[in-house]
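I opened my notebook today to look around a protein model. Here is what I looked up, entry by entry.

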Amino acid sequence: MPDTLNVLILGGTDEARRLAAALAGRAGTRVVSSLAGRVRDPKLPVGEVREGGFGGPGGLAAWLAEHDVHVVVDATHPFAARMTASAVEAARRTGLPLLILRRPGWREAPGDDWRWVPSLEAAAGLLPSLGERVFLTTGRRSLPVFAGLDGQWFLARSVDRPGPLVPRRLEVLLSRGPFTVDGELALMREHRVEVLVTKDSGGEMTTAKLLAARELGLPVVIVRRPPPPEGVTSVETVEAALAWLETATGPGPA
């Protein structure tokens, strides 16, 4: 074991922040959290932070070697497939242990009217048959996919303002979770929402919209998350990630 265990955490998720906070308090552990830099004012984790991309798996592998990283935890968003693929390849090139931390996806309950689709494009194709007034919560970068649907009116919620290619009939709501069921109910009623579109991000911070849609009897179009990479250990909780780190790296210096 090295005198100091250097851990790189990829991702700006709530799980990534909680893992960084838990590891930052450990003697003999140095934690660096890497954020993609796609959000203008991100919530920063405890400890060291770097922002911006690495330039693909080769750039990440070089960064890992340059900074003497001993273990990598990919705690990125469940839909950050490109970053996860880079992490897998960089870990392979460097021989470093890699863990994927992914919160579990959402599960239907009695009263839900969910329509699972494989992609944003499939979600856009389904909307004309479900309703005109759409609450879109798939992120600002997804809006170009829905730009051709002139028959639909969209309420799009995001942290930052979207780019220029957006649906013609669009209202943007700049907001950051967590949200409440009462707040989501009021929002959907105010805007006369007929259908909700979201990704299977999982977690508790944004489940309120699903509960509100259930109460209002609205159909929900949910984009399935990308499958996890093969041959890489994956856990669903911060506690499981901490346990894996103990096993993979040992107890560390006293």
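**Entry 1: Gln152 and its surroundings**

I began with Gln152, which touches Leu127, Pro128, Gly131, Glu132, Val134 and Arg169, not counting residues up to four places away in sequence. Contact here means heavy atoms within 4.5 Å. I noted that this is a predicted model, where local features need pLDDT of at least 70, side-chain atom pairs count only at pLDDT 80 or more, and totals for chains, interfaces and linings use all residues. Residues are numbered from 1 along each chain as its sequence is written, and side-chain values use heavy atoms, with hydrogens and water left out.

Is Gln152 buried or exposed? I found 7% relative accessibility, so Gln152 counts as buried. The cut-offs are under 20% relative accessible area for buried, over 50% for exposed, and partly exposed in between (1.4 Å probe, protein chains only). Gln152 sits in the loop between S7 and S8. Helices (H or I, at least four residues) and strands (E, at least two) are DSSP runs, numbered from the N terminus.

I found Ser142 in the loop between strand S7 (133-137) and strand S8 (153-158). Ser142 has 2% relative accessibility, so it counts as buried. Its C-alpha atom is separated by 9.9 Å from that of Leu165, 23 residues apart along the chain.

His191 lies in the loop between H5 and strand S10 (195-199). I looked up its relative accessibility, 9%, so His191 is buried. Leaving aside neighbours within four places in sequence, His191 is in contact with Arg133, Trp153, Leu155 and Glu171.

**Entry 2: the nonpolar core**

Which residues have the most contacts inside the largest nonpolar core? I wrote down Val7, Ile9, Leu19, Leu23, Leu101 and Leu245, in a core of 19 residues. Such a core is a set of buried Ala, Val, Leu, Ile, Met, Phe, Trp, Tyr and Cys residues joined through side-chain atoms within 4.5 Å. At least two residues of this core come from each of strand S1 (5-10), helix H1 (14-24), strand S4 (71-74), strand S5 (98-101) and helix H7 (238-249). H7 gives the largest share, five residues.

I then checked Ile9: beyond its neighbours within four places in sequence, its contacts include Leu19, Leu23, Val31 and Val73.
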